[in-house]
Amino acid sequence: MHKPPEMSVYARHIFICVGDSCDEKARGKKLYHKLKDMLGDLADYHSALRVKRGKTPCLGVCSGGVIAVVYPEGVWYYDLNEEKLARIVEEHLRGGKPVEEYIFHRLADNPHAVFPRQPES
Ligand code: FES
């Protein structure tokens, strides 16, 4: 049996759809690659605010792309371009405040959703 892998702490995870059903030009691929530079210090492996990024061939939405989702909040963004993604990085991923006008769905809309433990104040 293999020993479990190790992983540094992180604060958020963003997934970008790189498929071509939600965006016929599949611009998500380009955005995914640009996101690495946009994250800057937020991508540092040892940062407590580290943001992990992931790409996926489909997020099950398949219209209104480019689509992305950020966890743990479960906030879904649509119609993304480089400018909008840069704003999401600064205001949501760095600042903790989702960008309301780009959101089309929230995990919190489901009263049965399970949310992570809130930090004690
Ligand atoms: S192809 Fe992007 S959500 Fe399905």
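Strands here are DSSP runs of at least two residues marked E, numbered from the N terminus, and the model on your screen is a predicted one.

Begin by selecting threonine 56, which lies in strand E2, the stretch covering residues 51-56. With a relative accessibility of 15%, threonine 56 counts as buried, because the cut-off for that class is under 20%. Show its side chain next, and you will find that it reaches the backbone oxygen of cysteine 58 at 3.0 Å. Then display the residues that threonine 56 touches beyond four places away in sequence, namely Ile16, Cys17, Val18 and Gly19.

Now widen the selection to the sheet, which is open, has 5 strands in the order E2-E1-E3-E4-E5, and shows mixed pairing. E2 and strand E5 (103-106) stand at its edges with a single partner strand each, so one side of each is left without a neighbour in the sheet. Direction ignored, neighbouring strands of this sheet are turned by 20 degrees against each other on average.

Move on to strand E4 (residues 75-77), which runs antiparallel to E5 and is joined to it by 3 bridges; here tyrosine 77 can be selected together with isoleucine 103 of E5, which stands opposite.

Helix H1 (residues 28-39) touches strand E1 (12-17) and E2, and its direction makes about 170 degrees with that of E2. Helix H2 (residues 82-94) touches E1, E2, strand E3 (68-71) and E4, while its direction makes about 160 degrees with that of E1.

Definitions and conventions
Residues are numbered from 1 along each chain as its sequence is written. This is a predicted model: local features need pLDDT of at least 70, side-chain atom pairs count only at pLDDT 80 or more; totals for chains, interfaces and linings use all residues. Side-chain values use heavy atoms; hydrogens and water are left out. Helices (H or I, at least four residues) and strands (E, at least two) are DSSP runs, numbered from the N terminus. Buried means under 20% relative accessible area, exposed over 50%, partly exposed in between (1.4 Å probe, protein chains only). A polar contact is a pair of N or O atoms within 3.5 Å; within protein, one must be able to donate a hydrogen and the other to accept it, and residues adjacent in sequence count only if both atoms are side-chain atoms. Contact means heavy atoms within 4.5 Å. Two strands pair if DSSP finds at least two bridges between them. Axes are lines fitted to C-alpha atoms, for helices over the stretch in contact, and angles run from 0 to 180 degrees between N-to-C directions.
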